[in-house]
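The points are numbered for reference.

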Number of protein chains: 2
Amino acid sequence: MGRIFRTLCVSALLSVPLLAVASDQDTIRYREDVMKTLNEQAGVLGEMLSGAVPNDNYGAQLQAFALTASTALKAFESKVPGGKAKPAVWASWTDFSKRMTEFAQQAAAAAKTAKEQGNDAAAEDLIDATESCKSCHKQYRQEMKGDRDDQ
Amino acid sequence: MGRIFRTLCVSALLSVPLLAVASDQDTIRYREDVMKTLNEQAGVLGEMLSGAVPNDNYGAQLQAFALTASTALKAFESKVPGGKAKPAVWASWTDFSKRMTEFAQQAAAAAKTAKEQGNDAAAEDLIDATESCKSCHKQYRQEMKGDRDDQ
């Protein structure tokens with residue numbers, strides 16, 4: 001099956017516009033999808049850690065969170081303001097990228113610790129990662145009323 | 001740092017209610033967060049496959065998708081109707097769990113193929129996984145007007 005046909009099928013199935021050019025809208029949508037993924041994953045981890053639901057899959061969820069975190073900075077590399085991202089992201093790129101890199105490292109450390117030493121041992125690394133979320137959002141994210149993800 | 005204090009910190013940071021009991025609401029919220037994660041991840045993969053955004057992190061995103069997929073069935077094990085899940089999920093549990101297991105296997109196969117043979121080679125496995133999403137949603141998910149995720 002040729003590459004174009006495969007892309008066609010996947011795009012159709014995922015309801016993604018085909019033959020899209022890398023427009024500003026695409027860039028913003030992609031960035032938002034990555035950040036929404038992280039937000040949902042943080043919700044899942046929090047629900048497990050609080051004891052609200054069984055934590056059977058905690059390790060896999062944490063690993064998925066760390067993988068997504070490792071991709072997040074890249075989603076901001078194109079200088080396209082919009083969505084919830086404040087223009088400060090690009091005006092203070094050195095600081096922003098340092099924070100995002102640290103966040104990814106903390107998430108990776110949490111996943112590694114959970115794998116090697118168990119879930120409990122990973123909690124401090126995860127606290128570091130969620131503190132990074134919070135302080136970075138305060139600086140670089142527009143707050144919109146009614147957001148669930150207001151950490 | 002004690003376990004309770006750690007849990008307290010993480011819960012506070014993630015804005016998750018502390019000392020929550022495993023209520024029906026918790027179960028539904030967790031299930032929805034897992035499915036929303038998959039939806040955002042599918043969006044991310046589709047945006048990359050359609051060429052709308054660069055696919056630098058395609059492998060990591062696909063791996064995160066497969067990890068989340070591996071946890072999805074578990075989120076439905078408690079028989080708690082609500083949210084978008086139709087009661088048919090539990091009335092036809094054998095069929096539903098078979099479909100979810102196949103979906104997780106297809107996502108895992110796509111991630112493995114991408115790692116071993118490159119992104120292009122993984123497209124057919126990913127098509128299988130997204131076809132599974134589509135047919136399972138048709139059978140077991142309430143459709144709500146205005147949903148973006150109507151694949």
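1. The sulfur of Cys136(B) has its closest cysteine sulfur in Cys133(B), 8.3 Å away, which is too far for a bond. Cys136(B) is buried, its relative accessible area being 7% (buried means under 20%, with a 1.4 Å probe and protein chains only).

2. In chain A, the sulfur of Cys133(A) lies 8.3 Å from that of Cys136(A), the closest cysteine sulfur, and this is too far for a bond. Cys133(A) also counts as buried, at 16% relative accessibility. Over all chains, the search finds zero disulfides (a disulfide is a pair of cysteine sulfur atoms within 2.5 Å).

3. The model is predicted: local features need pLDDT of at least 70, side-chain atom pairs count only at pLDDT 80 or more, and totals for chains, interfaces and linings use all residues. Residues are numbered from 1 along each chain as its sequence is written, chains are lettered from A and ligands numbered from 1 in the order in which they are written, and side-chain values use heavy atoms, leaving out hydrogens and water.

4. Helix α2 (residues 24–49) and helix α3 (residues 58–72), both of chain A, pack with axes 10 Å apart at an angle of about 155° (axes are lines fitted to C-alpha atoms over the stretch in contact, and angles run from 0 to 180 degrees between N-to-C directions; helices are DSSP runs, H or I, of at least four residues). α2(A) and α3(A) are therefore roughly antiparallel (angles over 145 degrees).

5. Which residues of α2(A) meet α3(A)? Among them are Leu38(A), Leu45(A) and Met48(A), while the α3(A) side includes Tyr58(A), Leu62(A) and Phe65(A) (contact means heavy atoms within 4.5 Å).

Key. Buried means under 20% relative accessible area, exposed over 50%, partly exposed in between (1.4 Å probe, protein chains only). Helices (H or I, at least four residues) and strands (E, at least two) are DSSP runs, numbered from the N terminus. Angles under 35 degrees count as roughly parallel, over 145 as roughly antiparallel, 65 to 115 as roughly perpendicular and the rest as oblique.
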